[in-house]
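Please open the model in your viewer and keep the selection panel at hand.

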Amino acid sequence: MADQSEIDALLEELSKKDSEELSSIMDSYEEKDESEIQDKAMEHKPEKADFSGGDVEAEKLEGVRLPPKEHRVIDRLDEINKESEEKVNKLFEKLEAISSEVDEVEQLIENIKPYVNKHKEFMDFFVEHFPKSSIKKNYEYFKNIIDILNEIENRVNTIRDNTFDAMDILQFQDITRQKIERVISVIKALHEYLNSWFASDYERTPRARVAHTIVDESEKDKVDQEVEEIIKQMQRGEIK
Amino acid sequence: MRIITVDDSSTMRRIIKNTLKRIGYGDEILEAENGKEALEILENTDVDLIITDWNMPVMDGLTFVKKVRANKKFDDVPIIMVTTEAAKEDIITALKAGVNNYIVKPFTPQVLKEKIEAVMGLKD
């Protein structure tokens, strides 16, 4: 924009020129003004907002950039479900490996037992018939070994029980997965309401029916009893 | 005894398979991810017991049970449903569809054993 002094100078110049010169001067001024405005505008033009996070493809929807796939709620929850299932399967593999090792240890104990028992029978006989023999001291040691062996066997059984309990607890993953599926179903309803803001590929993926009721662990025994009662009622023909 | 376990969760299939082995039913265990896949297996393989989940993609457990009961080739195979669904109306719906017994997750090996014994007894 020209300031007042520039305008005054221009008016003075104009008064000295004829009309032809006048239009020529006006054209050059307008061209200069336009291009300056363009240049200034380009200097301050803000860059387009980029939510794509770099190399990730971001969909355009009527001029609006959507967040990348890994930031979309349903896709992310699906990914979490998938990852947790993979990790739990790996955990299960480890527990199965422990269980298998425990079986082998137990088998080794079983293999040793006949020899130990045979040896004990021999020592029992010897100590009984030669009570003053020096072997009696060894016999006490030997009885300690038998006690230790029995203790190892007990510990092995405890490890096996704990391993099996841990395997049973891993059912939580499937139950949690179904809880997340319920959250997804709520988001899906929101998605339909908000239309494309939560755009995702999820509609093309076959999904499991969403669980209606997921039992709270504190009520599990009560629920199991109710299930039993309903089955009995059905069997008695009381439920039509 | 040949058992098929139908569940979309690989973790659950693994847990059921492992539990069956622990309680003495681990002779032969087949696996399917959904009802459709299980039906394909049943078309070609004789099975003594079906253990199925309810909520699965492609074909859910309830539809699967109805299809099993509608097929003369394997309509008498006992079915145990193992699911998170614990509402009374859901249990009745499953039993009416042809489920022989019903287990709510999470289950213990003892419960699974008792239910198997119950349904196999019914079969006899």
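**Stop 1: the contact between the chains**

In this predicted model, select the residues at which the two chains meet: 29 residues from chain B and 34 residues from chain A take part in the contact. On the chain B side, helix 1 (10-22), helix 4 (88-97) and strand 5 each contribute at least two residues. Helix 1 of chain B gives the most, with 7 residues. Colouring this side of chain B by residue class shows 13 nonpolar, 8 polar and 8 charged residues.

**Stop 2: a helix pair across the contact**

Next, select helix 3 of chain A (residues 73-129) together with helix 1 of chain B. The two pack at an angle of about 20°, and their axes are 9 Å apart. Angles under 35 degrees count as roughly parallel, and helix 3 of chain A and helix 1 of chain B are therefore roughly parallel to each other. The crossing of helix 3 of chain A past helix 1 of chain B is left-handed.

Display the side chains at this crossing. Helix 3 of chain A brings Glu85(A), Val88(A), Asn89(A), Phe92(A) and Glu96(A), while helix 1 of chain B brings Ser10(B), Thr11(B), Arg14(B) and Asn18(B). By class, the residues of this helix-to-helix contact comprise 2 nonpolar, 4 polar and 3 charged.

**Stop 3: each chain as a whole**

Chain A contains 6 helices and 2 strands, and their order along the sequence is α-α-β-β-α-α-α-α. Of its 240 residues, 6% count as buried. Among the contacts in chain A between residues at least 6 apart in sequence, 66% join residues at least 24 apart.

Chain B has 5 helices and 5 strands, which follow the pattern β-α-β-α-β-α-β-α-β-α along the sequence. Buried residues account for 48% of the 124 residues in chain B. For contacts in chain B with a separation of 6 or more, 60% involve residues 24 or more positions apart.

**Stop 4: the sheet of chain B**

Select the strands of chain B. They form an open sheet of 5 strands in the order 2-1-3-4-5, with parallel pairing. Strand 2 (28-32) and strand 5 (101-104) are the edge strands, each pairing on one side only. On average, and with direction ignored, neighbouring strands of the sheet are turned by 20° against each other.

Strand 1 (residues 2-6) pairs with strand 3 in the parallel sense over 4 bridges, and Val6(B) stands opposite Thr52(B). Strand 3 also runs parallel to strand 4, to which 3 bridges join it; here Ile51(B) stands opposite Ile80(B).

**Stop 5: strand 4 and Ile79(B)**

Select strand 4 of chain B, in which 5 of 5 residues are buried.

Centre the view on Ile79(B), which lies in strand 4 (residues 79-83). Why is Ile79(B) classed as buried? The cut-off for a buried residue is 20 or more other C-beta atoms within 10 Å, and Ile79(B) has 23. Leaving aside residues up to four places away in sequence, Ile79(B) touches Ile50(B), Thr52(B), Val65(B), Val68(B), Gly98(B), Val99(B) and Asn100(B).

**Stop 6**

Most residues other than glycine have a negative phi, and most peptide bonds are trans. The last two selections depart from these patterns in turn.

Select Val58(B), in the loop between strand 3 and helix 3 (61-69) of chain B. Its phi is positive, at about 70°, although it is not a glycine. Val58(B) counts as partly exposed, with 15 C-beta neighbours inside 10 Å.

Finally, select Lys105(B) and Pro106(B). A cis peptide bond joins them, with omega about -5°. Pro106(B) belongs to the loop between strand 5 and helix 5 (109-123) of chain B.

Methods:
Residues numbered from 1 in each chain as written. Chains lettered and ligands numbered in written order. Predicted model: local features only at pLDDT ≥ 70, side-chain atom pairs only at ≥ 80, totals over all residues. Pairing = 2+ DSSP bridges. Axes fitted to C-alpha atoms, helices over the stretch in contact; angles between N-to-C directions. Contact = placed C-beta atoms within 7 Å. Nonpolar A, V, L, I, M, F, W, Y, C, P; charged D, E, K, R; others polar. Buried ≥ 20, exposed ≤ 12 C-beta atoms within 10 Å, placed from the backbone. Parallel < 35°, antiparallel > 145°, perpendicular 65-115°, else oblique. Left-handed = near helix turned anticlockwise from the far one by under 90°.
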